[in-house]
Amino acid sequence: MLHTRNQERDEVRLGDIVLRNRLVTSSSLLGYGVANAPLVPYGMSPVSLFVPLSEFGAVTTRTLTVEPREGHFSTRDDYRLTELPGLLRRYGRVLRGVDGGWINAFGWCNVGIDAYLRDYHPRTRDQRTIISLGGFSAAEFVTLVDRVNAAVPAGEIAAVEFNVSCHNVNFDFSTILQDVLDEAVPRSNHPVILKLSPDYDYLRNARQAARAGVSALTAINTVKALRLDPRTGEPFLSNRYGGLSGRAIKPIGLRVVSELRESGVTLPIIATGGIRTVADCREYFWAGADAVSLGSAVWLASYPGYALAPLRALHVRRVLRAVRRLSPQPRVSVPSH
Ligand SMILES: Cc1cc2nc3c(=O)[nH]c(=O)nc-3n(C[C@H](O)[C@H](O)[C@H](O)COP(=O)(O)O)c2cc1C
């Protein structure tokens, strides 16, 4: 692992998961942690051009599936300028700014686990990585875990994260969760994180995870959402439903983290949901989180807003510095009735 003395000093352990510090990035927002295109880092925030990704506690990849998936967008990141108008049109049907956040329905578009492990992962060795895995059966999760085990020595990444909580692939993950936990968790050479949805029975899912030997929880994935064009009634997103992220979901994320603690869940929690400032991080720590994660805040902006990437990067660096200095806070006890 290539990292500096400072990073070693800041290192934190969540059970058997080693992070460089308590601020990580959420699945997908920084793509695969490295881009193939020199100019337009599709799937990689322009912010990433100004903040070395090795500074984060870990970078969580886009969710990877056994086979490549176009989803509702595209797996490519090598666009020509002439393709840009068509691309932006399609982009507008998978990602929309809404009040206080974003709804997206990319639908797990990704290059597939083999291409990731061959073409991207070897170029991310100076970062700490969490590899996000997604599938529609226990067998697919087992295959994904086996592929990661074969390509990545134990200790080289922070963890694998099981995404069984996404709304824009139109699948009821509660039907496979127990089998996934029973069959895929024990096979993994890497610590396993389970990513929870606020729309499922997350307290039950967290208890299932603890019983199955999962190392930590990520809370929360996006919240199932819908926006319609008020003139025509047509959904804004091509998938009709999407996942809501950003500031709007912060109170929901805080509720979920706090309820997990109230219900006696002791697994480490990585909180994600509307986090942008140091105060947001502190709130999540008070609620019971052990680490915090930047999602929409490291990538999403209006098109003109992307021009402000260097300023946003400065802000992200400030948050990183401050979170490194924060020691974990005692959890606030919950009033009894
Ligand atoms: C554009 C976009 C794509 C996302 N893709 C994934 C994904 O592939 N896998 C996943 O587990 N979560 C995905 N998420 C959810 C984020 O990782 C994060 O859990 C969620 O956005 C809440 O954090 P935030 O409010 O800070 O954005 C995605 C979110 C956004 C906005």
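## Strand 7 and its partners

In strand 7, T60 has I130 as its bridge partner. This pairing belongs to 2 bridges that join strand 4 (residues 59-60) to strand 7, and the two run parallel. On to strand 8 (residues 159-163): 4 bridges join strand 7 to it, again in parallel, and L133 stands opposite F162 there. From strand 7 the chain passes through helix 4 to strand 8 in a right-handed β-α-β crossover (clockwise from the first strand over the helix to the second, with the strands pointing away from the viewer). Strands (E, at least two residues) and helices (H or I, at least four) are DSSP runs numbered from the N terminus, and strands pair if DSSP finds at least two bridges between them.

This is a predicted model, where local features need pLDDT of at least 70, side-chain atom pairs count only at pLDDT 80 or more, and totals for chains, interfaces and linings use all residues. Residues are numbered from 1 along each chain as its sequence is written.

## A covered strand

Strand 7 (residues 129-133) has 5 of its 5 residues buried (20 or more other C-beta atoms, placed from the backbone, within 10 Å of a residue's own; exposed means 12 or fewer, partly exposed in between). T129, I131 and L133 point one way, I130 and S132 the other.
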